[in-house]
Amino acid sequence: MLKNLLAAMAIACAGAAAFVSGAAQAKSDITVAIQLEPPNLDPTGAAAQAIDQVLYANVFEGLTRFRADGSIAPGLAESWEITDDGKVYVFKLRKGVTFHDGSSFDAADVKFSLDRARAADSKNAQKALFASIADVAVIDPLTVKLTLKAPNGRLLFNLAWGDAVMVAPESVKTLATKPIGTGAFKFVKWVKGDRIELERNAAYWGEKPALAKATFRFISDPTAAFAAMMAGDIDVFAGFPAPENLPLFKADARFQVLVGSTEGETILAMNHKRKPFDDVRVRKAISMAIDRKAIIDGAMFGVGAPIGTHFAPHHPDYVDLTAKSPYDPAAAKKLLAEAGYPKGFKTTLKLPPPSYARRGGEIIAAQLRAIGVEVEIANVEWAQWLEEVFRGKNYGLTIVSHTEPMDIGIYARDDYYFQYSSPKFKAVMAKLNLATDPAARSALLKQAQTILAEDYVNGFLFELAWPTVAKAGVKGLWLNQPTAALDLTGVSWAK
Amino acid sequence: MIRYLLGRLASLIISLIVASLVIFFVIEIIPGDPAAYMLGVGAQPDTLAALRAELGLDVSKPERYLRWVSGMLQGDFGISYTYRSPVSEMILERMWVSLPLALYALILSTLIAFPAGIYAASRRGKTGDFAVMGLSQLGVAIPNFWFAMLLVLAFAINLRLFASGGFPGWDKGFWVGMHALTLPAISLALPQAAILARIMRSALIDMLGEDFVRTARAKGLSRAQALRRHALRNALIPVLTIIGLQFSFLLAGAIVIEKVFYLPGLGRLIFQSISSRDLIVVESTVMLLVFVVIMVNFAVDIAYAAIDPRLRRRR
């Protein structure tokens, strides 16, 4: 009797195992989690990164696109020609591209999309990307001519952003709730607060994705994120919110952990219009009072690369300038005394919600206290930060990660919230904007980085890391975040 | 009875008007501009102005208040700034999670608390009483989010009997939905049950000291019979009050539990909308919750009258 029972159980187990492995082989759907839910689904109408994480490259495509390594590749434009003066771009569009509603994509859609983004009443969060465009002209259904006001070495890069994706005039009013693009995945449904579902676009112009169905879920609580991964409910968690748990996943054969980098330069911004931060010696003292390693270890559990200027370390033109502001509290104290603050001073440190700011802020406050700077910490919400710090410039110090790719140009804007104003830097940027020769651009970028480091404009802390936790069988995920994206077109399950 | 009801109704309407004023103006003075939040740090001034105009943020506050209230009276709760969809639709979607969850938790807590409270009262001063009271002390003391994490650890990660969170939707079937709400409902219900059991017990014990119970005993009823037939009905008034309060709490106060189980409930909607300064969503949702709470209290008042004939006669 017992023997029979055991045999029956063994058969049942084997059957179950076969069923499970069979299911694994056929697996073509994926559940992906990100921290925040997109507020709406129109990448051309809001700044939220979550919108691009769900839709960029999956549902929407632009004329050009970011590759996983951050380089720019042809998107809906198959090729382009640039006139010698750098002022006219002629784009050849791909043939046979259709929107998900069945309408065809052609040059008129390109003109519509770009004109809409740069119009006077445009609600595009990155309108500055299109500022150099003077005119968009349709030459034939598959050819578009862009005329610029002045040469712009960044045009192809700008057109790759999520804010520059191609949309159709017919669907533009309802993009926020029903996105219609040209991508390899079609939008299926959005259960607000819970999930967004995408499915393979059978009519896609390019290589069809391996996945038939993708579900995005939104989990911001670090404990819940950990539990959801451990319980097996989520296949991929991009931007995992609990770096303290990464070693646990690394040690577990069921999972893989990818730690990539982002375009997020995390800085301790200083208000140059507020005393004593107008004095370069004070700024240098603060930069030297900061122990970057302690912050990365303490606030980010060791993930993140130290930076010495406002530039992403994985970029080919990056210059390592961390040696300009080494950790040296004694020297920092001396500098403060030279600047007329032998006993230090008091200031405010406003911290937005992300943990890099809240946890990093506590550590920085302690480090600054060591050189006599008394920091009063104020925790603020994002909306408050934007109002008080970014717009109102009412702060002494703040910590924030600047996640826009290649955003060194913000230092050329006098009214930007740290209110840095350097004619020298602005001159370099002006040259850069006109330069199209790669070697010249690279030299200028290096020069710009060095100026920022030598002016000790802000405390440059670290490049924000991008941790992804995934089940062991998932292949083709992006390691880095050259732009906010979770490109699923190349993702598949190992057999 | 009619006068009693009219009195309650008048206070209900005044409460609603005051609540709408407080909600609107308190939320409007929070620093932060919804348009700036949506467009982020790359936004240009003209883009911000265009968006503010589209969202209707460029008119004066009193005018916006009047528009909001008159809209609500016609059943129009406005359009969310960030989600760009009607607020009423969003609330309704979330209600399909929050309302069943609150009811589920309330039923669970009542099912636990009633027998536990009655048992403890009937065994007053004996081991059974101490055991129930000890457990309820524990139930009150344990934070529900921590209990929730324990449940996830045990039932989702180790035993794999439940999902760690999320809500598949009622379209996948009633039992699938109930299954997904079970762990959240248990973690919400436990502290509520503990409180309710204590209230039930002390209310019953108070009643057991009353003359009418002694009379009932004198007429030959056993202690248990007297408790069930005479004391219980009278002890229900304080218990009902607590149930009413608990229901209101469960409906909106499940924010933490909704976060732990990443459920698309009302609490999280409000939480997210506050941080993204989606003021219209916050205002309308909070107003609706206030309305529900006031209605529940109104219903409880009526229930008092139903249970206690003196209330009916006196007024």
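Is the crossing of α12(A) and α13(A) left-handed or right-handed?

Author: The model is predicted, and local features need pLDDT of at least 70, side-chain atom pairs count only at pLDDT 80 or more, and totals for chains, interfaces and linings use all residues. Residues are numbered from 1 along each chain as its sequence is written, while chains are lettered from A and ligands numbered from 1 in the order in which they are written.

The crossing of α12(A) and α13(A) is left-handed (the near helix is turned anticlockwise from the far one by less than a right angle; clockwise would be right-handed). Helix α12 of chain A spans residues 423–434 and helix α13 of chain A residues 438–454; helices are DSSP runs of H or I with at least four residues, strands runs of E with at least two, numbered from the N terminus. Their axes come within 10 Å and cross at roughly 160 degrees, the axes being lines fitted to C-alpha atoms over the stretch in contact and the angles running from 0 to 180 degrees between N-to-C directions. This makes α12(A) roughly antiparallel to α13(A) (over 145 degrees; under 35 is roughly parallel, 65 to 115 roughly perpendicular and the rest oblique).

From α12(A), the contact takes Lys424(A), Phe425(A), Val428(A), Met429(A), Lys431(A) and Leu432(A). Facing them in α13(A) are Arg441(A), Leu444(A), Leu445(A), Gln447(A), Ala448(A) and Ile451(A); residues are in contact if their C-beta atoms, placed from the backbone, lie within 7 Å. By class, these residues divide into 8 nonpolar, 1 polar and 3 charged (Ala, Val, Leu, Ile, Met, Phe, Trp, Tyr, Cys and Pro count as nonpolar, Asp, Glu, Lys and Arg as charged, and the others, Gly among them, as polar).

A helix pair in chain B may be set beside this one. Helix α5 (residues 87–122) and helix α6 (residues 127–141) of chain B pack at about 140 degrees, with their axes 7 Å apart. That angle makes α5(B) oblique to α6(B), and the crossing of α5(B) with α6(B) is left-handed. Here Ala116(B), Tyr119(B) and Ala120(B) of α5(B) meet Gly128(B), Asp129(B), Val132(B) and Met133(B) of α6(B). The contact of α5(B) with α6(B) comprises 5 nonpolar, 1 polar and 1 charged residues.

The two chains also touch: 40 residues of chain A are in contact with 45 residues of chain B. On the chain A side, α11(A) gives the most, with 8 residues.
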